[in-house]
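Me: I am new to this structure and would like to be guided through it by questions and answers. Please show it first.

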Amino acid sequence: KVGKKTGVQGTAASFGLADGKMGEVVTRFPPEPSGYLHIGHVKAAMLNHYVAEIYKGKMLFRLDDTNPTKENIEFVDNIQRDLKTLGITWSSMSYTSDHFDYIMQCAEKMIREGNAYVDNSDVNTMRDQRLEGIESACRANSVEKNLEMWEAMKTGADQTCVLRAKIDMKSPNGTMRDPVLYRYSGQAHHRTGTKYLIYPTYDLAVPIVDSIEGVTHALRTLEFQDRNEQYQWIAQALGLRCAKVVEFSRMNLVNTVLSKRKLQKFVDDGIVDGWWDPRFPTVQGIIRRGLTVQALREFVVSQGQSRNSNYMEWEKLWVLNKKIIDPIAPRFVGIESDMVDLTLTNVDSTVTESRPLHKKNPAVGEKSVLMGPTVVIDKADATSFKVGEKVTLMDWGNIVIEEISETGVKARLTLEDTDFKGTAKITWLAKEAATQPATMIKFGHLVTKKIPEDGDDPADFLNPESKVARTIFIDPKQFAGVKKGDIIQIERKGFCYVDEVTEVGPVLHLIPDGRKE
Ligand code: ATP
Ligand code: MG
Ligand code: MG
């Protein structure tokens, strides 16, 4: 096995190669453009990028577009956009389809040299025979017969045949039992149109393209372990240089579907708004949920070369994220829509004072705070008061509650009392300032099942409360500088990702902070 453990887990050098030569390492990130990038792809992309970087080598970016029925240009564009968001650069970009002619020549070479044959068995027979290790009747056909059937595949005259490698139907490794190398698809390809009617499988294309593009180290997830033997066999059968396979573990997260096919179904069924829905584990989704690229990077690097593919808890990521945003996110006040008036009986004028946007980080800047005789507070705070109690209005001073009635609360401001120990600290806004509604959305997991099993239909485990919106009121003057994409804190309510700033008001996505609910 080539990809030996050499790195130290959890450190910056957490992914080493047993035989990486400085300046010569070439890795590649090869997504199939059949969906947007998700957090599992982030791990693959970051590791490939990281390995190339530490060995001062190159990372290639390849769109693995061998299945026209699932792929399209929207996915190609968004994969590039997402890599840019992640700060991942590549030394060159290619498509597997750039090499379709060459791959076809390779297939023909294999047929002529007796390493591949065309099989016209039906799908079920082929599957049963592979399970039982029985050779197909077509396996004994002559090269001439195979070339004839191959021509019929290429022209679409026969649409049911497949090309198979002639390896070993008795191999204990099921992937060595004459895997399929080419199949027919009538669908137009997003780049090559109808030029080709047959397409290579992933199994055939990857070793060929890795070889001709100069990949030295092919990073693959452990699930592909069984396929490594086949990857080497194909390169050898074609006389091609074979990249070294380095394994890493798949990223799995609880309550999370990572299969693009299943994610596509959520999109098609209208369960989410699109691939960019904040409940989706896609790059665009999790960024809109408020996860920072830095937290993602730290999470991936901390896993490094660990072969553990256990299901990770999201909390771990959110805790990392909070450490990054807490020291820099500006603080604002937002009051719930069922607000209560609090009248300060000894205040008769309105003033504006400046306050830091972050108490521990003056660099974040300042906000102006309007202070007047009537302020609004959350109902939950108002109902907790008792007459005579001392309460602290944050950023202003202490008050003493004088009266609680149907119409609101009356209190006396006691600025001279600067002892804030043990008092309830509440948030407030001057009534004239709390004019701007903002939408605050809390998201939850899309699926309630912690570890979905193969064959589960995620639709059976949908969380009916995965998106809950409410309105809060903010001071529009304070929010004037807040932009789409910012991360802020609404004090005592949580960190928020500013998803939109519109005429009707900002849309804020609450960011989980890693505390279990
Ligand atoms: P999916 O099952 O979501 O469709 P895939 O493996 O078919 O994923 P590809 O586009 O072929 O998707 O993947 C591109 C790269 O990302 C591959 O190197 C693959 O191993 C890696 N990758 C995909 N999912 C994960 C994951 N959950 N964890 C780590 N790497 C992953
Ligand atoms: Mg794939
Ligand atoms: Mg897949």
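Me: Which residues does the UniProt annotation "domain: Glutamyl/glutaminyl-tRNA synthetase class Ib catalytic" cover?
Reply: This is a predicted model, in which local features need pLDDT of at least 70, side-chain atom pairs count only at pLDDT 80 or more, and totals for chains, interfaces and linings use all residues. Residues are numbered from 1 along each chain as its sequence is written, chains are lettered from A, and ligands are numbered from 1 in the order in which they are written. UniProt positions are given in this numbering, feature names are shortened, and annotations may be inferred rather than shown by experiment. According to the UniProt record, an unreviewed entry, the annotation covers residues 24–326.

Me: What are the helix and strand percentages over residues 24–326?
Reply: Helices (H or I, at least four residues) and strands (E, at least two) are DSSP runs, numbered from the N terminus. The end C-alpha atoms of this stretch are 40 Å apart. Its composition is 41% helix and 15% strand.

Me: What are the helix and strand percentages over residues 425–499?
Reply: The UniProt record, an unreviewed entry, lists these residues as "domain: tRNA synthetases class I (E and Q) anti-codon binding". The end C-alpha atoms of the stretch are 28 Å apart. Its composition is 0% helix and 41% strand.

Me: How many helices and strands does the protein have, and what is its radius of gyration?
Reply: The protein has 12 helices and 27 strands. Its C-alpha atoms fill a box of roughly 100 × 45 × 35 Å along the principal axes. The radius of gyration is taken over C-alpha atoms, and the globule rule is 2.2 Å times the number of residues to the power 0.38. A compact globule of 517 residues would have a value near 24 Å, but the protein has 30 Å.

Me: What is the mean pLDDT of the protein?
Reply: The predictor's confidence in each residue is its pLDDT, on a scale from 0 to 100. It stays under 50 over residues 1–13, whereas 97% of the residues of the protein reach 70 or more. The model scores ipTM 0.96 and pTM 0.93. The mean pLDDT is 94.

Me: Which element gives the largest share of the shell around ligand 1?
Reply: A residue is near a molecule if its C-beta atom, placed from the backbone, lies within 6 Å of it. Of the 15 residues around ligand 1, Pro31, Gly40, Ala44, Met251 and Lys260 come nearest. Two or more residues are given by helix H1 (39–54) and by strand E8 (217–221). The largest share, 4 residues, comes from H1.

Me: Is Lys56 buried or exposed?
Reply: Lys56 lies in the loop between H1 and strand E2 (58–63) and has a positive phi of about 50 degrees although it is not a glycine. A residue is buried if 20 or more other C-beta atoms lie within 10 Å of its own, exposed if 12 or fewer, and partly exposed in between, with C-beta atoms placed from the backbone. Because Lys56 has 12 other C-beta atoms within 10 Å, it is exposed.

Me: Is Asp178 buried or exposed?
Reply: Asp178 is in the loop between strand E5 (162–165) and strand E6 (180–184). Its phi is near 45 degrees, a positive value in a residue other than glycine. Because Asp178 has 24 C-beta neighbours inside 10 Å, it counts as buried.

Me: Which residues of helix H6 are buried?
Reply: Helix H6 spans residues 202–212. Just after H6, Gly214 takes a positive phi of about 85 degrees. The buried residues of H6 are Leu204, Ala205, Val206, Pro207, Ile208, Val209 and Asp210.

Me: How many residues of helix H4 are buried?
Reply: Helix H4 has 10 residues, 123–132, and is hardly covered. Just after H4, Gly133 takes a positive phi of about 75 degrees. The count of buried residues in H4 is 0.

Me: With which residues is Asp277 in contact, leaving aside its neighbours within four places in sequence?
Reply: Asp277 is found in the loop between helix H8 (260–268) and helix H9 (283–289), and it is buried, with 21 other C-beta atoms within 10 Å. Two residues are in contact if their C-beta atoms, placed from the backbone, lie within 7 Å. The contacts of Asp277 are Val272 and Gly285.
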